[in-house]
Amino acid sequence: MTNLSPIRRRLFLGMGVAAISTPAFAAEDEISRAAESIHQERVFRARPKRIYDALTDARQFAKIVELSGAMQGTPPGTKAAEIGGEVGGAFTIFGGHIVGRQVELVPNQRIVQAWRVVDWKPGDYSIAKFELTEQGAETKLVFDHTGFPRGTAAHLASGWEEHYWEPLRKFLA
């Protein structure tokens, strides 16, 4: 880690008094060359609207959560999904295991979420971005996930497959 703004001190001598001058702050910058990210592309046999709605409507997403099997062992009455359908709206999915906010919603085209697992350090959020492109009767979903804690990429990548893409495919069938 390089300190790009070292603290400099100047000694002023005047009238027999010494004064030390320091800047109001010191800055330290770091650019990660090893940050992990996830990029996945999937094609679904459905129009973009159907996929967009499945990912942003709480009732539909709750069915996807059920199909994933992720709610097994949770207390009775635990909600599978609560999803605010507007920018800034909060979501709580998989029985409260995943929480976040809708950052950008472009109907039938793009969903961007500030997304976190509840056992991450407080204040740690990642960005999950879903891009939908119509390809005839199918939709290509391009997914990018960045900003999650180092060392969690493999676990998260398999989780997206197991808890999102496979059950979404079943839901759309």
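Which residues form one aromatic cluster?

Modeller: The model is predicted, so local features are reported at pLDDT of at least 70 and side-chain atom pairs at pLDDT 80 or more, while totals for chains, interfaces and linings use all residues. Residues are numbered from 1 along each chain as its sequence is written, and side-chain values use heavy atoms, with hydrogens and water left out.

The aromatic cluster is formed by Phe44, Phe61, Phe94, Trp115, Trp120, Phe130, Phe143, Trp160, Tyr164 and Trp165. For its setting, the protein has three helices and nine strands; these are DSSP runs numbered from the N terminus, helices being H or I with at least four residues and strands E with at least two. Along the sequence they follow the pattern β-β-β-α-α-β-β-β-β-β-β-α. Of the 173 residues, 33% are buried, where buried means under 20% relative accessible area, exposed over 50% and partly exposed in between, with a 1.4 Å probe and protein chains only.

The whole structure holds 15 aromatic pairs. Rings of Phe, Tyr and Trp (its six-membered ring) pair if their centres lie within 6.5 Å; planes under 30 degrees apart count as stacked, over 60 as edge-to-face and the rest as tilted. Phe61 and Phe94 make an edge-to-face pair, because their ring centres are 5.8 Å apart and their planes stand at 90 degrees. Phe61 belongs to helix α2 and Phe94 to the loop between β5 (90-93) and β6 (98-106), so this pair ties together parts that are 33 residues apart in sequence. Phe61 is buried at 2% relative accessibility, and Phe94 is buried with a relative accessible area of 10%. Phe61 also forms a tilted pair with Tyr164, at 5.4 Å centre to centre and 55 degrees between the planes. Here the link runs from helix α2 to Tyr164 in helix α3 (residues 153-172), 103 residues apart. Tyr164 counts as buried, at 5% relative accessibility. Phe94 has a further feature: its phi is positive, about 55 degrees, although the residue is not a glycine.

Helix α2 (residues 58-68) packs against helix α1 (residues 48-56) at an angle of about 85 degrees, with axes 5 Å apart. Axes are lines fitted to C-alpha atoms, for helices over the stretch in contact, and angles run from 0 to 180 degrees between N-to-C directions. Helices α1 and α2 are therefore roughly perpendicular; angles of 65 to 115 degrees count as such, those under 35 as roughly parallel, over 145 as roughly antiparallel and the rest as oblique. Arg50, Asp53, Ala54, Leu55 and Thr56 of α1 are in contact with Ala58, Gln60, Phe61 and Ile64 of α2, contact meaning heavy atoms within 4.5 Å.

Helices α2 and α3 pack at about 110 degrees, with their axes 8 Å apart, which makes α2 roughly perpendicular to α3. Among the residues that meet there are Phe61 and Leu67 in α2 and Tyr164 and Leu168 in α3. The residues of this contact divide into seven nonpolar, three polar and three charged. Ala, Val, Leu, Ile, Met, Phe, Trp, Tyr, Cys and Pro count as nonpolar, Asp, Glu, Lys and Arg as charged, and the others, Gly among them, as polar.
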